[in-house]
Amino acid sequence: MRQIKLATLRALKGAGVFRLVADSTWRRDRLLILCYHGTSLEDEHLWRPALYLEANRFEQRLQILKRDGYSVLPLAEGLQRLRLGTLPPRSVALTFDDGTYDFYRQAYPLLKQFGFPATVYLTTYYMDCELPVFSLVTSYMLWKRRGVVISDGQELGLASSLDLRTEAGRHRVVLELLTVAEREDMSGRQKDELARKLALFLKVDYDALVAKRLLQIMNRRELEEIVGDGIDVQLHTHRHRTPEDEERFRREIRDNRERIRDVAGSDPVHFCYPSGVYRAQFFDWLAAERIVSATTCDAGLVSRNSPSMLIPRYIDNQNRETIDVESWLSGVGDLLAYRRAAAQQYVPRETES
Ligand SMILES: [Zn+2]
């Protein structure tokens, strides 16, 4: 299926269809928002190819944008000009979810070099502590020890047998660790102690991970620097979660906004759903918090008819073939898309691919 699709795309490109669509009035009335998470500092793209891509691949994407004459706009300007009908040809906006350190270290210098504007949807809980994100670093360390079954898990307060052979098995361990942390109402520091214990248990060098800033959020100094350089910082909730309770949901937005305002000096009004998860009841809560737009992980070009609380994006990552990315930039990918909705819940694959 994948091979057929790629062959079709190549044939369409060869026949000049990509260029035709990219220059059409249909495409001109649309904005493509690209969604990135991280660029690998090391091997993160092998661990989570759907979230990461290699930095040199990211650079290739920027070269394509430049080579093929795409108009890279700041997110807010792109959305506004879409409503006004004044978009330039081949409009694109670049967004980065979470605000991890690798953005500062790798993506941001490249963006600067190309002169492209970008938005970071920042989750703020970790910005003042320079610690790896607990749910990510535990998953990453378990992946580092993939392939084995560990039989003395109870030492960590977990089930006796930890099956690290499959993504699903490792995910179960992460969920157990999260449950322990939640049950004991652990602070960030305490969760870090638990991650450190897990590292010791798995014989992974935790200090080395921390020193390399793997799976960390940018700190205040780094955020101030990128903001000073024109990077736009917007909302992604404080704790990377969207509670089903209105008061708790809105507190996530307010806590997030307060910290972004503090570090960026501006009032963020654009939001991105953590993990791409949304519910109909969120729309009114977001509007009550003066949110102007909310982006999803559902695939699509944004048109004037896109609901402002359901703005689609195209997720780029290590799994994407260049021709697939080019098809979406041109608009062909959107025309051919047969599946648009992102999974509304993280479901790990049962087997290694
Ligand atoms: Zn996120």
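**A zinc site and its surroundings in a predicted model**

The zinc ion is coordinated by Asp98 through OD and by His236 and His240 through NE2, at 2.0 to 2.1 Å. Donors here are N, O and S atoms within 2.8 Å of the metal (3.2 Å for Na, K and Ca), and water is not among the atoms, so sites may look incomplete. The model is predicted: local features need pLDDT of at least 70 and side-chain atom pairs count only at pLDDT 80 or more, while totals for chains, interfaces and linings use all residues. Residues are numbered from 1 along each chain as its sequence is written, and side-chain values use heavy atoms, with hydrogens and water left out.

Along the sequence, the donor residues of the zinc ion follow the spacing D-x137-H-x3-H. Asp98 belongs to strand S5 (residues 91-98) and His240 to the loop between S9 and H13, so this pair ties together parts that are 142 residues apart in sequence. Helices (H or I, at least four residues) and strands (E, at least two) are DSSP runs, numbered from the N terminus. Asp98 counts as buried at 15% relative accessibility, whereas His240, at 29%, counts as partly exposed. Buried means under 20% relative accessible area, exposed over 50%, and partly exposed in between (1.4 Å probe, protein chains only). The backbone of Asp98 also deserves a look: its phi is positive, about 90 degrees, although Asp98 is not a glycine. Most residues other than glycine have a negative phi.

The loop that holds His240 also contains Thr242. Thr242 is buried, with a relative accessible area of 14%. Not counting residues up to four places away in sequence, Thr242 touches Thr237, Phe249, Phe271, Pro274, Val277 and Phe282; contact means heavy atoms within 4.5 Å.

Phe271 is also among the residues touched by Thr295, which is found in strand S11 (residues 293-295). Thr295 counts as buried, at 0% relative accessibility. With residues up to four places away in sequence set aside, the other residues that Thr295 touches include Ile33, Cys272, Tyr273, Ile311 and Arg313. The side chains of Thr295 and Tyr121 are joined by a polar contact of 3.1 Å. A polar contact is a pair of N or O atoms within 3.5 Å; within protein, one must be able to donate a hydrogen and the other to accept it, and residues adjacent in sequence count only if both atoms are side-chain atoms.

Attention now turns to the helices. In helix H12 (residues 220-228), the residues Glu222, Leu223, Ile226 and Val227 are buried. They cover an arc of only 130 degrees around the axis, which puts them on the same side of H12; the arc is that of the directions from the helix axis to the C-beta atoms. An α-helix has 3.6 residues a turn, so residues three or four places apart point the same way. The cover over the buried residues of H12 includes helix H7 (101-114), strand S6 (119-122), strand S9 (232-235) and helix H13 (246-264). At the N-terminal end, Asn219 caps H12, with a side-chain oxygen 3.1 Å from the backbone nitrogen of Arg221. H12 is followed by Gly230, whose phi is positive, near 100 degrees. Arg213 is a residue other than glycine with a positive phi, near 65 degrees, and is buried, with a relative accessible area of 10%.

Helix H8 (residues 134-144) is largely enclosed by the rest of the structure, because 9 of its 11 residues are buried. Among them are Phe134, Leu136, Tyr140, Met141 and Trp143. What covers the buried residues of H8 includes helix H4 (44-47), helix H9 (167-183), helix H10 (188-202) and H11.

In the segment after helix H16 (332-336) lies Gln344, which counts as partly exposed at 28% relative accessibility. Leaving aside neighbours within four places in sequence, Gln344 is in contact with Gly276, Val277, Tyr278 and Arg279. Gln344 and Lys144 are 200 residues apart in sequence and 27 Å apart in space, C-alpha to C-alpha.
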